[in-house]
Amino acid sequence: MAEEPHQDEELVPAEEPAETPGYKPPAKKTLEEIKQLDEEDESLKKYKEQLLKGAEGAVKDPSKGPEMKPIKITLMSEGRDDKTVDLTDLEALKKHSFVIKEGVEYKIKITFQVYNDIVCGLKYMQTTHKKGIAVDKQKIMMGSYGPKTEDQEYTTPTQDAPKGLLGRGSYVIKSKFQDDDKNEYAAWAWNFEIKKDWD
């Protein structure tokens with residue numbers, strides 16, 4: 001389940017425009033049509049081979065379009081064991097709370113599956129609330145992913161946990177996955193606590 005390179009990834013403030021003014025997504029093409037495009041372009045050909053490697057077994061119903069299924073999220077911070085939470089039961093996730101030491105650097109690894117077709121411009125979006133007030137918004141550009149029978153992974157850029165008296169406390173995060181075509185694949189709420197130490 002090693003990560004593979006995708007289009008440029010970036011941490012974008014959610015208040016920025018969701019899309020470039022005047023931008024229109026390209027017309028939808030089948031996997032077979034995509035394979036046959038620009039066959040003389042060697043670099044593009046290699047990119048498509050990587051993107052579509054293993055796609056045959058993951059195309060369950062082409063008529064349904066792309067499907068993205070989140071499997072789990074893992075909190076990773078240097079010097080600590082990874083903490084993983086199941087995303088296949090989003091209702092149960094509401095009852096779980098991560099504990100993060102104030103001021104530490106951390107990353108979140110997202111494990112997911114893609115079926116049927118390419119998911120173009122997949123984004124992870126979240127709004128962080130404290131005491132009912134939105135204190136942070138983020139939109140993470142994950143890239144484009146072809147259908148595969150195996151799990152795929154994306155790790156977010158490094159983030160800094162809040163710190164100090166005002167930073168400590170309980171937070172509620174509202175998250176969702178969305179692509180360039182505005183397809184929403186999952187939306188859920190989860191919790192974390194910022195404390196002086198991990199325990």
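Let's start with confidence. Among the elements of this protein, strand β1, residues 10-13, has the lowest mean pLDDT, at 43. Strand β8, residues 152-155, has the highest, at 94. Keep in mind that this is a predicted model.

Over residues 7-18 the pLDDT is below 50. In the model, that stretch still has 23 contacts beyond near neighbours in sequence. Where pLDDT is low, predicted coordinates should not be read in detail. For the protein overall, the mean pLDDT is 79. Of its residues, 68% reach 70 or more.

Now the aromatic rings. How many aromatic pairs does the count come to? It comes to 7. Take Y124 and F177. Their ring centres are 5.5 Å apart. Their planes sit at 45°, so this pair counts as tilted. Where are the two residues? Y124 is in strand β6 and F177 is in strand β10, so the pair ties together parts that are 53 residues apart in sequence. Are Y124 and F177 buried or exposed? Both are buried.

F177 has another partner, W188. Here the ring centres are 5.4 Å apart and the planes are at 35°, so this pair is tilted too. F177 is in strand β10 and W188 is in strand β11, 11 residues apart. Both F177 and W188 are buried.

There is also an aromatic cluster. Its members are F98, Y171, W190 and F192. Remember F192, please.

Next, the second largest pocket. Its volume is about 250 Å³. The lining has 19 residues. Which of them are closest to the centre? Y106, Q126, T128, Q159 and F192. Several strands each supply at least two lining residues, including β2 (67-76), β6 (119-130), β10 (169-178) and β11 (184-195). By class, the lining has 12 nonpolar, 5 polar and 2 charged residues.

Last, the cavities. The structure holds 2 of 30 Å³ or more. What lines it? L75, M76, S77, R80, D81, K83 and W198. That lining divides into 3 nonpolar, 1 polar and 3 charged residues.

Find strand β1, with its mean pLDDT of 43. Find F177, buried along with Y124. Thanks.

Definitions and conventions. Residues numbered from 1 in each chain as written. Predicted model: local features only at pLDDT ≥ 70, side-chain atom pairs only at ≥ 80, totals over all residues. Heavy atoms only, no water. 1 Å grid on protein atoms, 1.4 Å probe; cavity = no way out; pocket = protein on both sides within 12 Å on 5 of 7 lines; lining within 4 Å. Points joined across faces, edges and corners; volume = space filled by probe spheres on them. Nonpolar A, V, L, I, M, F, W, Y, C, P; charged D, E, K, R; others polar. pLDDT = per-residue confidence, 0-100. Helix = DSSP H or I, 4+ residues; strand = E, 2+ residues; numbered from the N terminus. Contact = heavy atoms within 4.5 Å. Phe/Tyr/Trp six-rings, centres within 6.5 Å; stacked < 30°, edge-to-face > 60°. Buried < 20%, exposed > 50% of the residue type's maximum accessible area, 1.4 Å probe, protein only.
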